[in-house]
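Student: Could we go through this model together? I would like to start with one chain and then turn to the contacts between chains.

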Amino acid sequence: MNGFTIATPAQVLAIDVRLPDLDYAAMAPMLVLFGAACLGVLVDAFAPRQSRHTIQFALSFIALTVALLAVIREARVGSRELTADVALAIDGPTLFLQGTLAVLGIVALLLVGERALEKGGPFVSQAAIPVGSEADRRQAREEGATEVFPLTLFALSGMMLFVAANDLLTMFVALEVFSLPLYLLCALARRRRLVSQEAALKYFLLGAFASAFFIFGMALLYGFAGTVSFGGIHDAALLATTSPLLLFTGLAMVAVGLLFKIAAVPFHVWTPDVYQGAPTSVTAFMAACTKVAAFGGLLRVLYVAFDRARWDIEPVIGTIAILTMLVGAILAVTQTDIKRLLAYSSIANAGYLLVGALAFSKEGLSSAMFYLAAYGFTVIAAFAVITLVRDDDGEATHLSRWAGLGREAPLVAGVFTFLMLAFAGIPLTSGFTSKFAVFGAALGVGEAWPVALVIVGVVTSMILAFPYLRVVVMMWLSEPAEQSPTVAIPGAFTSAALMVGVLATLLLGVFPSPVLDLADRAAEFIR
Amino acid sequence: MSTVLAAAGVGAGEAWTFWILGPLAILAALGMVVARNAVHSALWLVLVMLCLGVFYVVQAGPFIGLAQIIVYTGAIMMLFLFVLMLVGRDASDSLIEVLRGQRLAAVALGLGFAGLVGAAFFRALDSRDAIGLAQANAEGNVQGIAASLFTRYVFAFEVTSALLIAAAIGAMILAHVERHKDQKFTQPDLMRARFAPGNYPGPKPGPGVYATSTSVATPGLLPDGRLSDRTISPILPKRELTEAESTPKATEGR
Amino acid sequence: MEPGYYVVLAAVLFTIGAVGVLIRRNAIVLFMCIELMLNAGNLALVTFSRINGTLDGQIMAFFVMVVAAAEVVIGLAIIMSIFRTRRSASVDDANLLKY
């Protein structure tokens with residue numbers, strides 16, 4: 001017989017092809033978002049131009065709400081199962097993180113859909129028109145592109161899949177599903193579009209570089225275990241009939257791909273540029289949701305697949321965590337642009353999250369999940385404030401422009417002060433409770449590495465408080481600059497997003513126990 | 001059972017293939033990295049991909065091998081070449097080092113990594129016997145792939161559709177320009193514009209053709225001897241005439 | 001010779017691609033180096049497929065191809081949109097974002 005002969009029908013029937021069990025209820029959150037995104041593409045094609053924005057926003061909002069309800073329903077049923085063969089794991093962490101993603105997605109969507117601050121919204125009308133051309137000046141006041149809504153939904157559905165993926169292949173596809181729309185969204189800023197395109201290029205090239213590492217790592221792990229499902233890798237690591245070298249090299253390369261997405265040092269170089277260049281609403285979306293998704297994936301990989309290799313990976317990832325905290329905190333001090341400052345702060349926060357993850361305990365997992373939720377709300381609210389401080393050229397992000405903002409707009413400056421204090425980890429804010437939970441979980445393990453990490457974490461928290469407080473001091477105590485920016489009156493959407501973010505930051509700081517309990521009950525992976 | 005399907009151990013034919021195409025692939029890969037011209041880089045990469053396609057076929061994967069050649073080399077790399085041609089004259093790379101020593105460091109890092117990992121893999125895999133795909137391919141390679149793709153990997157397979165839709169939207173957003181209403185011209189509009197006062201309705205004069213130069217970048221001369229900008233395409237840099245070219249030549253009769 | 005040789009070849013190609021990413025400046029060439037890395041990953045997948053005796057590796061290689069195709073579309077679109085304004089595809093010219 002020859003390999004290229006065409007099989008006769010009898011041969012085809014000889015293979016047993018049966019669809020695996022697909023639990024549609026458990027997959028509903030992702031499927032709803034995929035469906036709504038596809039519908040959004042059709043809306044863009046057929047709806048009249050004036051009504052597109054309204055329809056798209058309503059569609060995305062409803063889809064996210066339905067997805068949230070589906071997650072809640074699934075959580076109430078208490079499902080703990082592997083579905084689609086073993087490709088998806090629907091368990092506590094999946095549902096908690098998917099719920100977090102849905103809520104943060106709604107809040108970020110409010111910022112993406114805001115059109116009161118600037119005529120036409122924060123996105124360019126036609127990105128294909130070269131910057132600075134005659135046509136570009138003409139489109140300056142046209143309605144922004146509405147394709148951003150389906151792209152946002154695609155990204156969110158990819159993120160939800162990413163936290164549920166139970167094998168490396170599904171995880172890789174999900175990684176790309178949420179990355180590609182983000183690359184595009186970065187390039188669509190209305191103002192300073194050259195910078196925005198540059199951010200997209202950097203994000204794209206480095207992201208593709210990191211995915212290449214992920215793929216090679218996946219290949220090596222497949223070579224090691226004969227399968228790429230996390231359970232299979234775990235079993236193979238347990239038996240260890242083959243050389244563990246493939247396991248460790250593969251793990252290292254997969255980790256590069258994941259650590260890139262969470263912006264851990266030394267894979268963080270894209271973060272400040274992309275955070276600064278992207279439209280601020282997209283930055284808020286990335287800072288909150290990408291972090292949740294990427295950490296969800298990393299936690300699953302570490303806890304489910306590499307539980308056995310724990311002692312070997314702890315020093316490496318521990319070193320990365322220390323570097324991440326140090327570099328993030330120290331470079332945040334030197335920043336002069338508020339978006340870059342928040343970018344470095346987000347790098348440092350990735351370090352704190354790694355501290356929780358490296359506890360390798362139930363408490364570590366639950367505290368990291370709580371941290372993700374708490375940080376997400378605060379960071380979205382902070383970026384929402386940044387969209388408000390504007391001058392003729394759009395947002396005024398240079399720190400010197402923020403001097404004396406307290407006199408100009410006490411309310412907005414007050415809100416931002418509160419958020420900065422939350423980032424700095426002052427008690428009665430979610431920043432304090434989440435850091436406390438993470439460090440507490442690490443100390444609870446009582447081993448050398450977690451304790452060392454906590455010490456570095458506390459020291460860098462103190463360093464990091466300095467840039468935050470400098471912003472606060474600048475807003476309230478400095479003389480305003482000659483041409484101080486104006487604080488725009490937030491539209492309904494931005495106000496709502498701000499309100500949710502600030503309230504969540506306050507409530508999670510004062511009464512954290514319901515969410516902490518929820519995270520605690522959810523903190524168990526299935527294999 | 002043919003060698004294409006068995007492929008557990010390595011036959012002499014495969015060994016020959018490997019030792020010829022393997023080094024060729026490495027050379028082509030190096031060629032891609034060092035080639036100054038981006039188009040040459042792309043062609044080197046095509047060569048690497050063709051070598052890999054042969055390796056896939058030899059390793060009992062005829063379907064993936066042909067997909068590699070048809071889809072990867074034929075479609076994706078052609079897209080690269082297409083964009084390179086659009087980007088055009090800027091395609092060659094500067095060799096100025098912006099970060100001092102970065103190149104050397106990168107190469108040293110790469111050599112170290114390749115040596116370490118290559119040697120380690122070699123040791124790790126040397127003792128391991130390949131099972132071969134004879135059993136998995138028993139019903140045929142395509143059938144075997146389909147059986148897994150539409151069962152175990154069906155969800156990931158469906159999700160790739162989201163990827164393709166996102167890519168299509170992306171290409172459209174970043175490349176498609178919608179014509180504005182007042183940018184659409186009808187034939188009468190064009191005619192009116194053509195014969196409007198101040199516009200020259202006839203075809204433009206050709207570039208200058210001289211005995212010394214037939215370049216389209218050479219502007220033509222007006223009757224009074226001045227150069228005319230209208231005779232050359234605006235995207236071409238104007239070629240200045242040398243002294244020898246612009247002075248009238250002596251004829252024999254003088 | 002053993003099938004493991006292919007994995008060594010894949011590692012070498014992957015490294016060449018990675019070094020290329022670090023030393024080249026043209027965004028399109030840089031992206032081609034990333035494609036070389038993906039191809040090296042595919043070679044490793046196909047080889048391990050044979051070593052393990054399952055077709056999963058070949059299937060994953062197909063997924064990598066699909067993803068690469070989508071990535072190429074987006075990436076080249078971004079590069080083109082920058083080139084339209086800048087008339088340059090060098091990553092060194094993309095230098096507006098500095099602190």
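Student: What should I know about the model and its numbering?

Tutor: This is a predicted model, in which local features need pLDDT of at least 70 and side-chain atom pairs count only at pLDDT 80 or more, while totals for chains, interfaces and linings use all residues. Residues are numbered from 1 along each chain as its sequence is written, and chains are lettered from A and ligands numbered from 1 in the order in which they are written.

Student: How many helices and strands are there in chain A?

Tutor: Chain A has 21 helices and 5 strands; helices (H or I, at least four residues) and strands (E, at least two) are DSSP runs numbered from the N terminus. The radius of gyration of chain A, taken over C-alpha atoms, is 23 Å, close to the 24 Å that the globule rule gives for 527 residues, so chain A is as compact as a globular protein of that length. That rule is 2.2 Å times the number of residues to the power 0.38.

Student: And what percentage of chain A is buried?

Tutor: Buried residues are 63% of the 527 in chain A. A residue is buried if 20 or more other C-beta atoms, placed from the backbone, lie within 10 Å of its own.

Student: New topic: at what angle do α11(A) and α14 of chain A pack?

Tutor: The angle is about 140°, and the axes are 8 Å apart. Axes are lines fitted to C-alpha atoms over the stretch in contact, and angles run from 0 to 180 degrees between N-to-C directions. The two helices, α11(A) and α14(A), are therefore oblique to each other, a class for angles that are not under 35 degrees (roughly parallel), over 145 (roughly antiparallel) or 65 to 115 (roughly perpendicular).

Student: Which residues of α11(A) make that contact?

Tutor: They are A:Thr271, A:Pro272, A:Tyr275 and A:Gln276, and the residues of α14(A) include A:Tyr344 and A:Ile347. Residues are in contact if their C-beta atoms, placed from the backbone, lie within 7 Å.

Student: How many residues does chain A bring to the contact with chain C?

Tutor: Chain A brings 41 residues and chain C brings 36. On the chain A side, α8(A) gives the most, with 20 residues.

Student: And the contact of chain B with chain C: how many residues from each?

Tutor: It takes 72 residues from chain B and 66 from chain C. The largest share of the chain B side, 12 residues, comes from α5(B).

Note on methods:
Two residues are in contact if their C-beta atoms, placed from the backbone, lie within 7 Å. A residue is buried if 20 or more other C-beta atoms lie within 10 Å of its own, exposed if 12 or fewer, and partly exposed in between; C-beta atoms are placed from the backbone.
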